[in-house]
Amino acid sequence: MATVYVNNKAIDIGNERLNCVQAAEKAGVLVPHYCYHPALSVVASCRMCLVEVGEKKPDGTIAMQPKVVPGCQTPVKDGTVIVTDSPKAKAAQGDTLEGLLLNHPLDCPVCDKAGECKLQDYSFQFGHAQSRMIDQKNTPPNKPDISEKITLFTDRCILCTRCVRFTREVAGTAELTVVGRGHHEEIDIFPGEPLANKLSGNVVDLCPVGALGSKDFLYKQRVWYLKEEDSVCPNCSTGCSIQVDSNKDIVFRLRPRFNPLAQGHFMCDEGRYGYHYINSDTRFGKPLEQIEVGQFKAVSWQNALSGIKKEFLLAGQEHSDQLYAILSPFLTVEEAYLAAKWFKMISPNSKLALGAVPVHGENDTYPKDRRGNATSTVKFTIRAEKAPNRLGVEAVLKHFEGEVITFDQVVEAVKRNEVQGLFLTAGYPDSKTIDDYQADRLDDVKLLVTLDLLPSTVASGSKYILPATSFAEKEGTYVNYAGLAQGLKRTVKAPKECRPEAQIFMDLLGLPGLYNAQTIREMIAREIPYFAPLAKGIGEYGVKLGT
Ligand code: SF4
Ligand code: SF4
Ligand code: FES
């Protein structure tokens, strides 16, 4: 076992191969750094992580190296001594900051990064109180056209090259580069080749200062007003761990949350910018009942739920095996479980099926070369299956139904006039997921109830429409393509009178009280062996199922 000494504190690092920044972090000591990022190559260019390093000999004496060294580029081994708080190390860090701030425009009052900027934070913690700069600052022009989604405030850049390395090493598309020399170095694109890869939004998170800004978020919020909550991206079956940033119940941005069991450090642009439907004005906000063809009126939850219950019970008396519930792969495990329970309570002969699973093309893997071919070491995958919880819903279906009836099978059963009642859960961000042919068939069902987010052609044929909630408005569990169960936390209040689906099914089941995700998770873990690992809670990185 290797022992490293950080500011006189002994830390056991086991067999891990760490650098000084990582070893210090294990000791709870922050070594300031800009260019270093655990998912990128080490270039040691910013010199912010300068520390004193030495070696503790077997006889107990310590031999220190004469100069400060960049901690990010210095590996540690048994006996390594790291000093971050000596006058020498502190002076080196302060001087580096003074150098970086010489040309920095100090835009903090208008800069989007203010509040989460490492230049601000480190200046406060490690910098000099005053600048000795008397010359005019270098002010290269901004470059708003480097990308459709991203703008570059060139003068704020500290040339850490994280963005350049990301496009070369993770995206592989290498759109960004450093042009010029010395004092005139700038980040730029190759002429006519904008930053346009499907992972490009990550450079904004990677930029330690406010040089790269997301146009989607630019000047919308000061970050200290944002409430952050952990969640899971619902836009494909990778199930990236994310953080939802909101204020006053409006979602303003999604950012990746590091998860070694899911996607690692990053997320794709499809997921990152794919949240706007949550804030859409066209969302269903109240239960609706169709009173005449094409005419809906708002009804209370009580009336809607008792009407739905009554009509399904009635339909079940006549055709108990012709009642179907379609469980969307956008439902959480808890919602699917409660829905299945309710539907089997109406009639044990009723059938449960899986909702339409959107699949777009093939899995898209990165890095790619300039011709767009994926290289052999895959670092990130955007999955073709555009739903977050097919596996979780399928496990519920197998438990209650013994098999997975597909959406297409239900559509065909409707065509054969074998479906009298259909409870359709949808909740797709894209209201065209159920295509016109399928919607037309479902329209023929005598009793159709839709639980959905956005108006669609299916909803227009429904007897009742119940408003659904988005992933940001509920608690629950999604199981990704690899069987990793992750927890969603409620970040914003759902609009108007929306209720979380789990609560709707609890009400239909007649279960008392308010929905609590962990209570239902424990119930599921006891009843369905596949979900047994959920009994102990779900944790920050989620729980692997089926192992
Ligand atoms: S734009 Fe940001 S990430 Fe890129 S080199 Fe400049 S400071 Fe670093
Ligand atoms: S890869 Fe999939 S889960 Fe991850 S951010 Fe993109 S869409 Fe969301
Ligand atoms: S973080 Fe070590 S030199 Fe930049």
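Which residue stands opposite Q243 in β12? The legends below begin with that strand pair.

View 1. D230 stands opposite Q243 in β12. The model is predicted: local features need pLDDT of at least 70, side-chain atom pairs count only at pLDDT 80 or more, and totals for chains, interfaces and linings use all residues. Residues are numbered from 1 along each chain as its sequence is written, and side-chain values use heavy atoms, without hydrogens and water. Strands (E, at least two residues) and helices (H or I, at least four) are DSSP runs numbered from the N terminus. β11 (residues 227–232) and β12 run antiparallel and are joined by six bridges; strands pair if DSSP finds at least two bridges between them.

**View 2. The two faces of strand β12.** Seven of the seven residues of β12 (residues 241–247) are buried, so the strand is largely enclosed by the rest of the structure. Buried means under 20% relative accessible area, exposed over 50%, and partly exposed in between (1.4 Å probe, protein chains only). In a regular strand the side chains alternate between the two faces of the sheet. One side of β12 holds S241, Q243, D245 and N247, and the other I242, V244 and S246.

**View 3. The hairpin of β12 and β13.** Six bridges join β12 to β13 (residues 250–256), and the two run antiparallel. N247 has I250 of β13 as its bridge partner. Two residues lie between the strands, and K248 in this turn has a positive phi of about 50 degrees.

**View 4. Residue D436 in helix α11.** D436 lies in helix α11. With 47% relative accessibility, D436 counts as partly exposed.

Notes:
Chains are lettered from A and ligands numbered from 1 in the order in which they are written.
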